[in-house]
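Let's take a friendly walk through a protein model, from its overall build to a metal site and some ring pairs. Have a look at the picture before reading on.

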Amino acid sequence: MDHSLPGSSVHGVFQARVLKWGKAGRKRTDPSPLSLPFCNSIICSINDVPPRRYSLYTRTWLGYLFYRQQLRRARNRYPKGHSRTQPRLFNGVKVLPIPVLADNYSYLIIDTQARLAVAVDPSDPQAVQASIEKEGVNLVAILCTHKHWDHSGGNRDLSRRHQDCRVYGSPQDSIPYLTHPLCHQDVVSVGRLQIRALATPGHTQGHLVYLLDGEPYEGPSCLFSGDLLFLSGCGRTFEGTAETMLSSLDTVLGLGDDTLLWPGHEYAEENLGFAGVVEPENLARERKMQWVQRQRMERKSTCPSTLGEERSYNPFLRTHCPVLQEALGPGPGPTGDDGCSRAQLLERLRQLKDLHKSK
Ligand SMILES: [Fe+2]
């Protein structure tokens, strides 16, 4: 399905907003932080929530209240954002990372000639609005990778403020204020921006990643990967199997080496630390870790990496590599066969990663 905004202006009658927030929810006030059944650390995010509490986060108002609490705390702790970011400019297309919450990234993708902007996962509407005003652009579309509040929480405020702004995402993911449901391979066109949605279920059932095509501006393509793929890591499989997640990771593995990876979180240092545990001899990982540590000493963002780099050190993209299979696989079965599928290896990696983080 094509989702063009012809030329450089926004027009047409938009669909009615199909998902509204409950009135009761809107009237509720934030509870005391101690009353939430998650945790109270500033570094706590949905990715730290124990699986048994996941349905509380996604299916009840506790999840929204938890998000509001984390938003308030992060704004107090990081008034200028958790990291210092650098925009990238390619022949009239600008990608601007915006640090939000404790470790999330939202993005503005801007056609600088038309002064049109697309926001990816604008979870802190205040921070994203400040960037929109600073850049002097019109927000015409929000691309939401998935329903989790730390990615979708700003949809309401921004779509109210920007009346013509469309909200895109998967209809399978209960995204707040969704106006334009997307399917796999649908393209959103805004000025010179051509952005393709790719279905990547596993973290959530309807998770989408967005691929900005570099050809129209003769620059590198850009992948906005939400919680599917991080620098040297991948998201937790909350709503799917290891096979589902592997298939989604293979979808992005098929993209070009030069594709820039713009992930949903700043997890690089921790992820590369884990990669060193499972693949200690990997020199590409070692070099990247040294660079990442220098960046983080000055609180500089580590975005973007490239998919070519990720192939060389990200263990979740390396389940086909004999070195990982030998290190983590169960070994030959009774009949002498390998017995360790890539999906089993991915599952084992995930378990080890969760243990590594909890130490
Ligand atoms: Fe998520």
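The secondary structure of the chain consists of 12 helices and 16 strands. Here helices (H or I, at least four residues) and strands (E, at least two) are DSSP runs, numbered from the N terminus. This is a predicted model, where local features need pLDDT of at least 70 and side-chain atom pairs count only at pLDDT 80 or more, while totals for chains, interfaces and linings use all residues. Residues are numbered from 1 along each chain as its sequence is written, and side-chain values use heavy atoms, with hydrogens and water left out.

Of the 359 residues in the chain, 54% are buried. Buried means under 20% relative accessible area, exposed over 50%, and partly exposed in between (1.4 Å probe, protein chains only). Among contacts (heavy atoms within 4.5 Å) with a separation of 6 or more, 65% join residues 24 or more positions apart.

**The iron site**

Which residues hold the protein donors of the iron ion? They are His146 (NE2), His148 (ND1), His203 (NE2) and Asp227 (OD), lying 2.2 Å from the ion. Donors are N, O and S atoms within 2.8 Å of the metal (3.2 Å for Na, K and Ca); water is not among the atoms, so sites may look incomplete. Along the chain, the donors follow the spacing H-x1-H-x54-H-x23-D.

The 4 donor atoms subtend angles of 89 to 174 degrees around the iron ion, so the arrangement is irregular. Four donors count as tetrahedral if all angles lie between 85 and 135 degrees; four count as square planar and six as octahedral if opposite donors are over 155 degrees apart and all others between 65 and 115; anything else is irregular.

**Ring pairs**

Rings of Phe, Tyr and Trp (its six-membered ring) pair if their centres lie within 6.5 Å; planes under 30 degrees apart count as stacked, over 60 as edge-to-face and the rest as tilted. By this rule there are 13 aromatic pairs. Tyr107 and Trp262 form an edge-to-face pair, 5.6 Å centre to centre with 70 degrees between the planes. Because Tyr107 lies in strand S4 (residues 104–111) and Trp262 in strand S15 (residues 260–262), the pair ties together parts that are 155 residues apart in sequence. Elsewhere, ring pairs link Trp61, Tyr64, Tyr67 and Trp149 into a cluster.

| Residue | Relative accessible area |
|---|---|
| His148 | 1%, buried |
| Asp227 | 0%, buried |
| Tyr107 | 2%, buried |
| Trp262 | 0%, buried |
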